[in-house]
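Please read the numbered points with the model in view.

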Amino acid sequence: MNLDAMPGMIDELSKLPMMIVVAGYAAVAAGLAVVYFQNRWTAGWPALITAVGWLSVIMGFIRIVFPMKIAAVMVKADPPSPVVPPIVGAAFLLIGGVPSFKAYGRE
């Protein structure tokens with residue numbers, strides 16, 4: 001991981017709000033795919049997977065509609081300590097990996 005480059009990447013991304021919009025389109029596309037193929041509000045894992053899909057759609061829509069505000073927040077945020085990105089990455093891997101395993105596994 002390039003932890004030394006993280007502050008520079010955040011600074012560059014804040015100067016290019018169009019990249020935030022592109023990331024928003026990617027999040028909306030992925031979220032819509034999840035919602036289209038896995039839209040079950042039954043108790044258990046299916047509801048969690050559907051909720052993650054809807055959350056992706058909403059967060060992507062926010063990135064598309066408000067890229068300048070998101071860029072301004074990114075500039076104001078302090079750079080994280082070197083231990084934070086790997087911990088956040090591992091948490092996201094678990095949060096995304098477990099529902100994906102449950103969604104595509106056999107019941």
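In what order do the elements of the chain run from the N terminus on?

1. The elements follow the order α-α-α-α-α, counted from the N terminus. The model under review is a predicted one. Its secondary structure comprises five helices and zero strands.

2. As to overall dimensions, the C-alpha trace of the chain spans about 45 × 30 × 15 Å along its principal axes. Among the contacts in the chain with a separation of 6 or more, 67% are made by residues 24 or more positions apart.

3. On burial and surface, 21% of the 107 residues of the chain count as buried. The accessible surface of the chain amounts to about 7900 Å², and carbon and sulfur atoms hold 74% of that surface.

4. With regard to charge, the chain carries 7 positive and 5 negative side chains. The centres of these two sets are 14 Å apart.

5. A nonpolar patch on the surface deserves a separate remark. The residues that form this patch are W41, W54, L55, I58, M59, F61, I62, V65 and F66. Together they have about 890 Å² of accessible area.

6. One member of the patch, I62, may be examined individually. I62 is placed in helix 3, which covers residues 45-65. Why does I62 count as partly exposed? The relative accessibility of I62 is 32%, and partly exposed describes values between the limit for buried, under 20%, and that for exposed, over 50%; I62 therefore counts as partly exposed.

Conventions:
Residues numbered from 1 in each chain as written. Predicted model: local features only at pLDDT ≥ 70, side-chain atom pairs only at ≥ 80, totals over all residues. Heavy atoms only, no water. Helix = DSSP H or I, 4+ residues; strand = E, 2+ residues; numbered from the N terminus. Buried < 20%, exposed > 50% of the residue type's maximum accessible area, 1.4 Å probe, protein only. Contact = heavy atoms within 4.5 Å. Areas by Shrake-Rupley, 256 points an atom, 1.4 Å probe, with all protein chains shown as cover. Lys, Arg positive; Asp, Glu negative; His and termini not counted. Charge placed at Lys NZ, Arg CZ, Asp CG, Glu CD. Patch = residues over 30% accessible without salt bridge, like charges linked within 9 Å, V, L, I, M, F, W, Y side chains within 5 Å. Salt bridge = Lys/Arg side-chain N within 4 Å of Asp/Glu carboxyl O.
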